[in-house]
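I am opening a notebook on a structure that is new to me, and I want to write down what I look up as I go.

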Amino acid sequence: MKMAVAMASSGTSFGFYTNLKALEKQPISRSCLLSGSFGLDPLQRLCISPRTRLSSSISTIVPEASSATAVEGESYQDTDTVPTPKVIIDQDSDPDATVVEITFGDRLGALLDTMNALKNLGLNVVKANVYLDSSGKHNKFAITKAATGRKVEDPELLEAIRLTIINNLLEYHPESSAQLAMGAAFGVLPPTQKIDMDIATHINVYDDGPDQSLLSVETADRPGLLVDLVKNITDIDITVKSGEFDTEGLLAKAKFHVSYKGKPISKPLQLVLANSLRYFLRRPTTEEASF
């Protein structure tokens, strides 16, 4: 399956980014994360109804841990070390669905509300799996578009899924706010730790078979990052075929399978790609420092 990359038009990406920047200046709402249009199809708003129950669209739930809502009544000030929240959007492991995985130690609750929020984006959760290991409670959802029954390929909708999940995480686990980059915009407490963009940004390109390369990007997280990365890659005529985008605390970690005219990216073009992304990712810090 191909990740849609018809994003070379700067108008779509700019409108998306503008809505996010405007949102950062507003306090978080418990009923709706975004009031502006994302240009998403079929639903154009990221509205969340935390107490609305989801009608069953799940084919499989495998509970291997304690109740998902067992910690909802706790006061987060009384807990010990707050774990690092992780949200993974995986386009590779399932050919027919987008796989989303959420981990926040053993604290995750309100999973049905998270799935309901995804349904409000015009999505179906076709399979869910909950399991516990040494790194915490993992909640995996297989998601398809309700209109087509196929996996999500639009980068804007993938970013909307990510922001929806993070918003619900901040809603039900406000202690995660200081652990997430999004906490500065949407949470009750901004992160106390500051990320040095130069140190945090790592970009590498590897050969990955006869017809593609693997692009690895690690950088400071922010709203709209997934969309902007895909746009910058496709602006230099490189095709994004599939990939994985991870939110891990204050950092974003992306892996994209990319190609140029159906072939792996040549060494000179790899250098162009890495330098282009490095310049783009570091540019906000440079521009702010110049004023």
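Which residues of the largest nonpolar core touch the most other members? I begin there, keeping in mind that this is a predicted model.

**Entry: the core**

I looked up the largest nonpolar core and found 53 residues in it, of which Ile 161, Leu 215, Leu 229, Ile 233 and Phe 256 touch the most other members. Helix H3, residues 155-172, gives the largest share of this core, with nine residues. I noted the general background that in soluble globular proteins nonpolar side chains tend to be buried together.

I then followed Ile 233, and, leaving out residues up to four places away in sequence, I found that it touches Leu 215, Ile 238, Val 240, Phe 256, Val 258, Leu 273 and Leu 277.

**Entry: the sheet**

Next I traced the strands, and I found an open sheet of eight, in the order E3-E4-E2-E1-E7-E8-E6-E5, with antiparallel pairing. Strand E3 (123-133) and strand E5 (202-207) stand at the edges and have a single partner strand each, so one side of each lacks a neighbour in the sheet.

I went through several of the pairings in turn, noting one pair of opposite residues for each.

- E3 and E4 run antiparallel and are joined by ten bridges, with Val 125 having Ile 143 in E4 as its bridge partner; these two strands form a hairpin with two residues between them.
- E2 and E4 are also antiparallel, joined by six bridges, and here Thr 103 stands opposite His 138 in E4.
- E1 (residues 86-90) and E2 (residues 98-103) pair in the antiparallel sense over five bridges, and Asp 90 stands opposite Val 99 in E2.
- E1 and E7 (residues 239-248) run antiparallel with five bridges between them, and Ile 89 has Phe 245 in E7 as its bridge partner.
- E6 (residues 213-220) and E8 (residues 251-259) are antiparallel and joined by eight bridges, with Val 217 partnered by Ala 254 in E8.

**Entry: helix H2 and its neighbours**

I looked up where helix H2 (residues 111-119) lies, and found it across E2, E3 and strand E4 (136-145), running at about 150° to E3. I also compared H2 with H3, whose axes come within 10 Å of each other and cross at roughly 150°, in a crossing that is right-handed.

Which residues make the contact between these two helices? From H2 I listed Asp 113, Thr 114, Ala 117 and Leu 118, which meet Ile 161, Thr 164, Ile 165, Asn 168 and Tyr 172 in H3. Sorted by kind, the residues of the contact of H2 with H3 divide into five nonpolar, three polar and one charged.

**Entry: helix H6 and Asn 232**

I turned to H6, which lies across E6, E7 and E8 and runs at about 30° to E8. This helix is mostly covered, since I found ten of its ten residues buried, among them Asp 228, Lys 231 and Asn 232.

Why does Asn 232 count as buried? Its relative accessibility is 17%, and the cut-off for buried is under 20%. Asn 232 is found in helix H6, residues 225-234, and, apart from neighbours within four places in sequence, it is in contact with Leu 277 and Phe 280.

**Entry: two loop residues with positive phi**

Finally I looked at backbone angles, with the general point in mind that most residues other than glycine have a negative phi. Asp 237, which is not a glycine, has a positive phi of about 65°; this residue is found in the loop between H6 and E7 and counts as exposed because its relative accessibility is 58%.

Lys 261 likewise has a positive phi, near 55°, in a residue other than glycine. I placed Lys 261 in the loop between E8 and helix H7 (267-290), and at 68% relative accessibility Lys 261 counts as exposed.

Note on methods
Residues are numbered from 1 along each chain as its sequence is written. This is a predicted model: local features need pLDDT of at least 70, side-chain atom pairs count only at pLDDT 80 or more; totals for chains, interfaces and linings use all residues. Side-chain values use heavy atoms; hydrogens and water are left out. Helices (H or I, at least four residues) and strands (E, at least two) are DSSP runs, numbered from the N terminus. Buried means under 20% relative accessible area, exposed over 50%, partly exposed in between (1.4 Å probe, protein chains only). Contact means heavy atoms within 4.5 Å. Two strands pair if DSSP finds at least two bridges between them. A nonpolar core is a set of buried Ala, Val, Leu, Ile, Met, Phe, Trp, Tyr and Cys residues joined through side-chain atoms within 4.5 Å. Axes are lines fitted to C-alpha atoms, for helices over the stretch in contact, and angles run from 0 to 180 degrees between N-to-C directions. A crossing is left-handed if the near helix is turned anticlockwise from the far one by less than a right angle, and right-handed if clockwise. Ala, Val, Leu, Ile, Met, Phe, Trp, Tyr, Cys and Pro count as nonpolar, Asp, Glu, Lys and Arg as charged, and the others, Gly among them, as polar.
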